[in-house]
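Me: I would like to learn how to read a few features of a structure. Could you walk me through them?

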Amino acid sequence: MRILNLRSSLLRGLSAGTAVATLATGLAACGGNSDAAGKSDGETPGTVTVGAHSNGAAKETDLKVSEVKAISAELPKTIAKKGKLVIGVGALPTGSVPLNFVGDDQKILTGAEPDFGRLVAAVLGLKPEVKNLTWENLFVGIDSGKVDTAFSNVTDTEERKKKYEFATYRQDNLGFEVPKKSTWNFDGDYRNLAGKTVSVSRGTNQEKVLLEWKAKLKKEGKDLTVKYYPDNNSVYLALNSGKIDAHFGPNPSIAYHTTHTANTPNATRSAGKFSGAGTKLQGLIAATSKKDSGLAEPVSEAVNYLIKNGQYAKWLAAWNLSNEAVSTSKVNPPGLPLDNS
């Protein structure tokens, strides 16, 4: 989540530098612009398997979902005619657990994002074709028409609306992680950080937010100590030894790590979340298509169908991301403003 014009984390999604390193889970990145999907080839019709090959990052779950004719009828004719939805995921070179990464078979692209793209494709009656790209080539693919829509932790921003249209499906959150035995919680109030020592990654959106809180506390005569570590292993050694009280990072990465350590002596838990867009706006992650492509509306309706019928909640639960749920999908809602993107 490196900052570019102060908000790279919101613009780019999670980077390998701030997500839990995939190497720690024995995963490897696939090379090139590859086609990848979940277990769709082996699934029975009307079923989408989420969490496949996740190496423990998710609970593998079979979800019943079939085409909804009233929604698929709204697809652009070009998409309906080819019968497939080309889904772009910017997971190269290393991916980001639990959102998008190469599975434990060292081949299949798994993660919450490609899984959800496949669920949406099922509602639309389309065969999912998931393409694994670099972040930059993800947008090149949308611009060129080689990618129909991206499910890749893309934040809704007003700057991006100049070229793209959005169908939202998940909150964009930062979060605090503490040892499971800790009684501290953020509770949405920066004043609860007074007297605490918190680690954060340099050059990230969360660092910017944390330093703003530190400055506010200083004006109030209170201290907040900010610590930096070279890698995630160092962060968790510090957390487990009590050298820091909490770590502030991307909520999905924290969700993964708390799941991964749940049954270990070094178990951790989430101690609260905070909108990646700041106090005045809830950041939103959205399916991203070329502007005026006609895809945002049917994709949004497909998401709302999944929300209404329960598959959405089960998908989030499988990936331990229930605290990023939205109540409804919206088309092009207010996003990160131009003066903060």
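This is a predicted model: local features need pLDDT of at least 70, side-chain atom pairs count only at pLDDT 80 or more; totals for chains, interfaces and linings use all residues.

Me: Let's start with the rings. How many aromatic pairs does a search of the whole structure find?

Reply: In general, two numbers describe a pair of aromatic rings: the distance of the centres and the angle of the planes. Here the search finds 18 aromatic pairs. Phenylalanine 176 and phenylalanine 248 make a stacked one, at 4.3 Å centre to centre with 15° between the planes. This pair links distant parts of the chain, with phenylalanine 176 in strand β10 and phenylalanine 248 in strand β13, 72 residues apart.

Me: Are phenylalanine 176 and phenylalanine 248 buried or exposed?

Reply: Phenylalanine 176 and phenylalanine 248 are both buried. They also belong to one aromatic cluster, together with Trp184, Phe186, Trp213 and Phe274.

Me: Which rings have a charged end sitting over them?

Reply: One is the ring of tyrosine 228, where the charged end of arginine 202 sits 3.8 Å from the centre. Another is the ring of tyrosine 190, with the charged end of lysine 216 at 5.2 Å from its centre.

Me: How far apart are the end C-alpha atoms of helix α4?

Reply: They are 17 Å apart, which agrees with the 16 Å that 12 residues should span at 1.5 Å a residue. The expected span uses one less than the number of residues. As for burial, 12 of the 12 residues of α4 are buried, so the helix is largely enclosed by the rest of the structure. Among them are Glu113, Asp115 and Arg118. After α4 comes glycine 125, with a positive phi near 70°.

Me: And which strand pairs with β9?

Reply: In a regular strand, side chains alternate between the two faces of the sheet. In this model β9 pairs with β15 in the antiparallel sense, over 7 bridges. Tyrosine 164 has lysine 290 as its bridge partner in β15. Strand β9 has 8 of its 8 residues buried, so it too is largely enclosed by the rest of the structure.

Me: Where are the cis peptide bonds and the positive phi values?

Reply: Most peptide bonds are trans, and most residues other than glycine have a negative phi. The bond from leucine 92 to proline 93 is cis, with omega near 10°. Another cis bond joins valine 97 and proline 98, with omega about 10°. Proline 93 lies in the loop between β4 and β5, and proline 98 is placed in the loop between β4 and β5 as well. Asparagine 55 has a positive phi of about 55° and is partly exposed, at 31% relative accessibility. Asparagine 320 has a phi near 60° and is found in the segment after α10.

Key:
Residues are numbered from 1 along each chain as its sequence is written. Side-chain values use heavy atoms; hydrogens and water are left out. Rings of Phe, Tyr and Trp (its six-membered ring) pair if their centres lie within 6.5 Å; planes under 30 degrees apart count as stacked, over 60 as edge-to-face and the rest as tilted. Helices (H or I, at least four residues) and strands (E, at least two) are DSSP runs, numbered from the N terminus. Buried means under 20% relative accessible area, exposed over 50%, partly exposed in between (1.4 Å probe, protein chains only). A charge sits over a ring if NZ of Lys or CZ of Arg is within 6 Å of the ring centre and within 35 degrees of the ring normal. Two strands pair if DSSP finds at least two bridges between them.
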